[in-house]
Amino acid sequence: MASAALWQGAGARLERVRAPRKMPAGAAVKKDAHSLRPVYMSVGTVAQAPGSAYLEVGNVKVLCSVHGPRSDAASAAFSNTGRLSCSVKFADFSGIEESAIEAAELQVQQALRPALEAAVVLEKYPKSVVDVHILVLEEDGDVVAACITCAALALAHGGFEMLDLVAACSVARQPDESLEIDAPGCSGVSGGGMMLAMM
């Protein structure tokens, strides 16, 4: 069972979240079409970052650190709202082919920023930037949803004002026309799929 300790009052921070690992590292994921892969999450994993989180979903492993807010040098005029700067990197050993890394990083970045902007109260950070850095340590299917969920945890751990946490999941259409939630290796499914992120 996951446990969390929260500090009350203004600027409340998510202090720690620990969920027990339900499967040994590197084990094959066995699940039915209507269940999620085993999940492990932890916050405060990067000591040098104000907010950080680590998330495992099956064999997908994602690390996120959040820094800021800092002054937005790119914005010449005063802005009433802040902005999010998201960067995504895949480790060389993540399991994705080297030729596909750049496209995969761009795909995650394009989904990550709008999902988080809906949750973070950017009006509280005028003319500022909040940096969100994602490192995908291992890729095995639904990386985008894992990155969104991990980044939301890191922002909450950093004490950034948010409307709510963002959780994401995908569904894949298998060649036999059946649907599978949170499919391992769903990036290669020819039947198509979709990802949903919501507060």
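**Surface and core: a chat about a predicted model**

Modeller: Let's start with L196, which sits in strand β10 (residues 193–198). Keep in mind that this is a predicted model.

Colleague: Happy to! Why is L196 called partly exposed?

Modeller: The relative accessibility of L196 is 48%. Buried would need under 20% and exposed over 50%, so L196, at 48%, counts as partly exposed.

Colleague: And what makes M194, L196 and M198 a patch?

Modeller: Patch members need over 30% relative accessible area, and nonpolar side chains are joined within 5 Å. M194, L196 and M198 form such a nonpolar patch on the surface, and together they have about 330 Å² of accessible area.

Colleague: Nice. Now H67: why does H67 count as partly exposed?

Modeller: H67, in strand β5 (residues 60–71), has a relative accessible area of 28%. That value falls between the 20% and 50% limits, so H67 is partly exposed.

Colleague: Which residues does H67 contact, leaving aside neighbours within four places in sequence?

Modeller: With contact meaning heavy atoms within 4.5 Å, H67 touches Q48, A49, P50, V129, V130, D131 and H133. As for S52, 15 residues from H67 along the chain, the two C-alpha atoms are 8.9 Å apart.

Colleague: Let's go inside. Which residues touch the most other members of the largest nonpolar core?

Modeller: Those are F90, V132, I134 and L155, in a core of 44 residues. At least two core residues come from each of β4 (51–57), β5, β6 (83–90), α1 (101–117), β7 (128–138) and α2 (143–157). The largest share, 13 residues, is from α2.

Colleague: And what surrounds I134?

Modeller: Beyond four places in sequence, the contacts of I134 include V62, L63, C64, L112, C147 and A151.

Note on methods
Residues are numbered from 1 along each chain as its sequence is written. This is a predicted model: local features need pLDDT of at least 70, side-chain atom pairs count only at pLDDT 80 or more; totals for chains, interfaces and linings use all residues. Side-chain values use heavy atoms; hydrogens and water are left out. Helices (H or I, at least four residues) and strands (E, at least two) are DSSP runs, numbered from the N terminus. Buried means under 20% relative accessible area, exposed over 50%, partly exposed in between (1.4 Å probe, protein chains only). Patches are made of residues with over 30% relative accessible area and no salt bridge: like charges are joined within 9 Å, nonpolar side chains (Val, Leu, Ile, Met, Phe, Trp, Tyr) within 5 Å. Accessible areas come from the Shrake-Rupley method with a 1.4 Å probe; for residues, only the protein chains shown count as cover. A salt bridge is a side-chain nitrogen of Lys or Arg within 4 Å of a carboxyl oxygen of Asp or Glu. A nonpolar core is a set of buried Ala, Val, Leu, Ile, Met, Phe, Trp, Tyr and Cys residues joined through side-chain atoms within 4.5 Å.
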